[in-house]
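Subject: Structure for you to look over

Hello,

Here is the structure I promised. Please open it first, then read my notes below.

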Amino acid sequence: MGAILHTLNPRYSPAQLVYILNHAEDKVLIIDPTFIPLVEGVQDQLNFLETIIIAAEKSAIPENNLNNACSYDDLLEQESSEYQWPELSEDTSSALCYTSGTTGNPKGVLYSHRSTILHAISIAGTMGFHSSSAVLPVVPMFHVNAWGVPYSALINGFTLVLPGHALDGESLYELVQQESVDCLLGVPTVWLGLLQYLEGKGLKMESVDQVLVGGSAAPYAMIKAFDEQHDAFLTHGWGMTEMSPLGTINTQTKKAMSLPTEERYQLQTKQGYPMFGVEIKTVDDDDKELPRDGEASGALKVKGPWIMHTYFKAEGPAVDDEGWFDTGDVATIHPDGCMQIVDRAKDVIKTGGEWISSIDLENAALTHENILEACVVGVPHPKWDERPLLFLITKDGNQIDKQEINDFLLEKVVKWWLPDDIIFVKELPHGATGKLLKVDLREEYKEHLMEK
Ligand code: ADP
């Protein structure tokens with residue numbers, strides 16, 4: 001209809017919400033009744049807001065002090081059931097998402113009809129979705145438009161299953177069973193809960209044959225668990241808000257399936273091959289392209305039909321003179337073109353002039369049978385600049401002997417990678433999209449090794 005859909009993360013602070021709604025110049029706000037108090041608190045600061053639509057029947061809407069609010073049902077009743085769709089240029093804006101803004105204000109990424117449709121068609125093809133598939137994205141719409149899956153469902157006619165609020169293992173399992181879901185999509189944290197629930201109950205997901213994992217690195221142990229316990233292939237994808245989101249994908253090719261099992265799992269831990277149309281390269285500190293030898297690692301740059309050039313309302317472009325966008329990730333490209341993320345540039349642990357990949361160290365810890373979740377952050381160290389701290393949640397809730405963990409890790413990583421301390425916790429901080437909030441841990445533990 002020519003309007004721009006801005007999917008909004010309600011877990012931003014009220015100040016960030018005000019900033020984003022004003023920056024986006026949002027005119028109509030559509031909310032669930034749960035968010036009425038939140039909007040009541042900020043509505044006077046929203047400079048462009050004209051109407052609030054509450055997505056509920058009138059009888060389900062509590063007394064409130066919202067200005068210019070109506071129920072969705074009322075709105076529909078007043079309108080004609082005829083609609084003349086406008087003819088729009090393919091470059092017209094269609095949707096807007098903001099990055100999570102862990103540092104500074106969130107940045108807006110404006111998608112066009114063209115970029116959205118090209119991406120939606122491409123993901124269906126690469127992932128093998130067809131009209132008989134039932135696909136369950138356990139990804140909020142504000143996380144890069146639920147990774148484009150809703151658009152892809154409309155274009156390709158597959159069944160779109162949405163989970164609502166209940167993301168615990170039991171609710172997800174019941175939904176999968178009820179809708180006979182073939183493919184799941186989500187960040188690793190969501191699957192930890194589901195796998196743990198299923199293992200505890202001795203249940204198997206019979207219908208699921210593929211799980212697309214992105215947003216954070218998919219650990220080896222998870223790839224193995226989906227395969228061994230559920231006969232489901234974990235398709236590892238990588239991307240970001242600026243990329244609509246998908247850039248690379250590691251699909252179930254004949255080549256992958258012919259490898260010995262352990263080797264295939266290793267291959268699946270890599271973030272995969274560029275989607276058709278997407279170009280990738282790694283560069284050194286002088287912006288010189290690095291060899292694709294599976295060894296050299298450097299800043300990962302991308303370009304392609306659904307990759308952003310300029311942040312919404314930004315003064316200058318976010319790409320270099322040749323149109324390459326710097327992703328902020330550090331990666332290696334293998335000779336066959338497969339890309340592997342080493343780390344986010346800001347999460348790489350810089351120690352004595354060398355690098356440690358927090359992702360690799362977490363993956364190594366997660367292969368321990370009693371470790372449920374692992375998080376590695378670099379914190380300041382008086383001699384080595386930064387050293388790793390390892391935070392662990394165990395499956396049985398008890399601590400494991402630190403020496404035992406170090407011995408276990410030594411089978412997988414070199415000695416100087418071993419964490420300077422191991423800290424057992426009951427929970428780890430996650431952001432609204434389910435990713436580990438490493439910034440919070442770094443801040444909280446910044447003195448931990450300095451005091452020693
Ligand atoms: P946010 O910054 O809010 O996390 P995005 O969802 O856009 O927003 O995050 C993109 C980043 O997530 C990437 O730059 C990368 O660091 C990380 N990421 C995404 N997919 C993967 C993956 N498969 N493996 C490792 N990191 C990933």
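In which sense do strand 15 and strand 16 pair, and over how many bridges? They pair in the antiparallel sense, over five bridges; strand 16 covers residues 325-333. Strands here are DSSP runs of E, at least two residues, numbered from the N terminus. Two strands pair if DSSP finds at least two bridges between them.

Before the rest, the ground rules. This is a predicted model, where local features need pLDDT of at least 70, side-chain atom pairs count only at pLDDT 80 or more, and totals for chains, interfaces and linings use all residues. Residues are numbered from 1 along each chain as its sequence is written, and side-chain values use heavy atoms, with hydrogens and water left out.

Strands

Gly-298 faces Ala-331 of strand 16. Strand 15 (residues 297-303) also pairs with strand 14 (residues 279-283), antiparallel, again over five bridges. There, Glu-279 has Lys-303 of strand 15 as its bridge partner.

Elsewhere, an open sheet of three strands runs in the order 1-5-6, with mixed pairing. Strand 1 and strand 5 (residues 93-98) run parallel and are joined by two bridges. Leu-5 has Ala-95 in strand 5 as its bridge partner.

Ligand

The shell around the ligand holds 15 residues, counted as near if a heavy atom lies within 4 Å of it. Ser-100, Gly-237, Thr-241, Asp-329 and Lys-435 come nearest. Strand 11 (residues 233-239) gives the most to this shell: four residues.

Now the polar contacts (pairs of N or O atoms within 3.5 Å). A polar side-chain atom of Lys-435 is 2.8 Å from a ligand oxygen. For Arg-344, a side-chain N or O atom is 2.9 Å from an oxygen of the ligand. A polar backbone atom of Ala-217 lies 3.2 Å from a ligand nitrogen. The protein covers 91% of the 560 Å² of accessible area that the ligand has on its own (Shrake-Rupley method, 1.4 Å probe).

Cysteines

How many disulfides are there? The count is zero, taking a disulfide as two cysteine sulfur atoms within 2.5 Å. The sulfur of Cys-183 is too far for a bond, because the closest cysteine sulfur, in Cys-338, is 19 Å away. Cys-183 is buried, at 2% relative accessible area. Cys-70 is partly exposed, at 22%. Buried means under 20%, exposed over 50%, and partly exposed in between (1.4 Å probe, protein chains only).

Best wishes

Note on methods: Polar contact = N/O pair within 3.5 Å; in protein donor to acceptor, adjacent residues only side chain to side chain.
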